[in-house]
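Hello,

I am passing this structure on to you, with notes on what turned up in it. Please look at the structure first and then read on.

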Amino acid sequence: SDDFCPKHLNSRRVLAARSKYQPPIAKRFTSKTNAPTTYNQTMNPLEIWVPAHLLLKNQRPCPLLMHLSEPDTEPQLLFWNQLREILPKVVQVNFFNDLGEVAKNGVVVMPHDAKEWLAHGQFNQVRRYVRHILATGRTVVTFALGIEYEPLPGELAFITSAYRSKREKALPLPSWLFDIGSEVTSIGKPAVPSVTFMGNTKYHGRIGVVLNRLPLPHRLMAHLTSNRAVGRALPLNCRFALARWLRRKAVNVTRNASQLKTHLVELDNYFVYSEEERKKLRADFLRSIRENAYALCMRGDANGDYRTYEILSAGRIPVIVDTNLWFPDLEGLSWQDFCVFVPVAELDSIGQKVAAFHERTTEESFQAKCQMAREAFEQLMPHRYIRHIVRQIEQRVAIQNADAQATRQLVAH
């Protein structure tokens with residue numbers, strides 16, 4: 001938004017006016033979740049500090065600052081407006097130009113997704129600034145969507161590429177993209193499980209071409225695609241190669257599975273297509289979701305996948321190629337209840353695993369699982385998940401304050 005810039009703000013301290021925009025309830029799917037739709041009004045807003053000099057004009061802000069941007073009007077993005085509605089009760093925003101203005105135990109929030117710093121050539125500069133803030137004992141909160149991101153020591157990072165690993169220092173963040181629940185209707189249990197996939201399998205680059213020509217063991221490639229240290233250390237062109245191998249392998253194995261009916265379309269990077277071609281591809285993608293009960297989901301060049309959350313929003317069953325993906329916790333639901341998980345090391349058995357999941361369901365229980373998928377998406381919508389984010393920040397601040405007090409007492413004695 002053009003308005004997301006300090007010169008358009010009336011004061012350093014901003015509590016944005018609540019949006020009057022009310023998004024419609026999903027037409028086709030309704031939620032049974034008991035999660036509250038608004039933030040607990042009895043809680044005090046979390047005070048956060050935002051470096052004004054890092055604001056990027058015309059770029060979407062991070063989730064904690066979404067209320068400072070214009071409401072979304074695209075039907076599949078309307079769910080973001082529910083977050084804008086409650087944020088003024090959740091956070092108290094202060095902009096600063098000098099770090100000395102920030103409280104000693106203040107929470108400094110990077111105003112944009114880390115991927116934007118990469119796109120604008122400012123990633124290393126911002127990382128140096130984050131390191132400087134952390135050295136003062138303040139808390140730094142960063143969001144990273146769609147990239148491999150290794151937090152600095154002490155940095156609190158919410159990322160969409162989190163690994164199930166004891167060494168993971170970041171926290172998982174849902175891969176929010178579109179809510180397509182109003183674009184599809186419920187589907188009955190098919191006689192044969194039908195699996196769809198439409199996505200990039202090209203990932204151009206010489207390394208990918210070479211890897212596909214070499215007889216590399218599946219076990220080795222499975223390890224490389226699911227290892228946190230490898231994912232964070234490899235440059236993007238090498239991760240392209242891993243994504244190319246994984247996606248082509250998964251699509252080919254699914255296509256050859258005799259237990260399945262498939263609709264699999266391998267594409268190039270979405271942005272190489274013209275605007276007209278993109279519209280057609282999007283329409284084809286939505287049609288494929290309407291006509292199939294299951295959808296193949298897997299990582300790309302980072303250990304996360306936007307498609308999984310779109311599939312959940314549609315009330316379909318994700319078939320997840322598991323590369324040690326760390327999903328956010330759910331209340332009253334288990335991901336295994338409504339997803340088919342296929343460990344990447346067991347990719348050759350994808351047909352058997354989907355068929356076994358399908359055979360265990362009746363028409364009624366299949367419909368229930370589809371409803372669970374939609375409920376999971378609604379639980380993880382930004383206006384609900386923001387409660388978890390704030391809670392994590394408050395816990396981190398409490399720990400840091402306790403550590404600081406313990407240090408002062410030790411020095412005094």
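Thr196 has Ala295, in E10, as its bridge partner. This belongs to a pairing of strand E8 (residues 194–200) with strand E10 (residues 294–297), which run parallel and are joined by two bridges. Strands count as paired if DSSP finds at least two bridges between them. Helices (H or I, at least four residues) and strands (E, at least two) are DSSP runs, numbered from the N terminus.

Before going further: the model is predicted, so to speak of local features pLDDT of at least 70 is needed, side-chain atom pairs count only at pLDDT 80 or more, and totals for chains, interfaces and linings use all residues. Residues are numbered from 1 along each chain as its sequence is written, and side-chain values use heavy atoms, with hydrogens and water left out.

The sheet

E8 and E10 are part of an open sheet of five strands, in the order E9-E8-E10-E11-E12, with parallel pairing. Strand E9 (261–267) and strand E12 (340–343) each have a single partner strand and stand at the edges, so one side of each has no neighbour in the sheet. On average, neighbouring strands of this sheet are turned by 20 degrees against each other, direction ignored. Helix H11 (residues 350–359) packs on the sheet and touches E8, E10, strand E11 (317–322) and E12. The direction of H11 makes about 155 degrees with that of E12. Contact means heavy atoms within 4.5 Å; axes are lines fitted to C-alpha atoms, for helices over the stretch in contact, and angles run from 0 to 180 degrees between N-to-C directions.

Pro190 sits in the loop between strand E7 (171–172) and E8. Not counting residues up to four places away in sequence, Pro190 touches Ala293, His358 and Phe366. Pro190 and His358 are 168 residues apart along the chain, with their C-alpha atoms separated by 9.0 Å.

Helices and rings

H9 and helix H12 (residues 363–379) pack at an angle of about 120 degrees, and their axes are 7 Å apart. Tyr309, Leu312 and Ser313 of H9 make this contact with Ala373, Arg374 and Phe377 of H12. By class, the contact has four nonpolar, one polar and one charged residues. Ala, Val, Leu, Ile, Met, Phe, Trp, Tyr, Cys and Pro count as nonpolar, Asp, Glu, Lys and Arg as charged, and the others, Gly among them, as polar.

There are 14 aromatic pairs in the structure. One of them, Phe143 with Phe158, is stacked, at 5.5 Å centre to centre and 20 degrees between the planes. Phe143 lies in strand E5 (residues 139–144) and Phe158 in strand E6 (residues 156–159), so the pair ties together parts 15 residues apart in sequence. Rings of Phe, Tyr and Trp (its six-membered ring) pair if their centres lie within 6.5 Å; planes under 30 degrees apart count as stacked, over 60 as edge-to-face and the rest as tilted.

Pocket and cavities

The largest pocket has a volume of about 2,000 Å³. Its lining has 50 residues, of which Lys115, Leu177, Tyr270, Phe271 and Tyr306 lie nearest the centre. H7 gives the most to this lining, with four residues. By class, the lining of the largest pocket has 24 nonpolar, 12 polar and 14 charged residues.

The largest cavity holds about 120 Å³ of space, and of its 17 lining residues Thr160, Gly304, Asp305, Tyr309 and Phe327 lie nearest its centre. About 50 Å³ lies in the second largest cavity, where H3 supplies the largest share of the lining, four residues.

On a 1 Å grid over the protein atoms alone, a cavity is a set of points where a 1.4 Å probe fits but cannot get out, and a pocket is an open set with protein on both sides within 12 Å along at least five of seven lines; lining residues have an atom within 4 Å of a point. Grid points are joined across faces, edges and corners, and a volume is the space filled by probe spheres set on the points.
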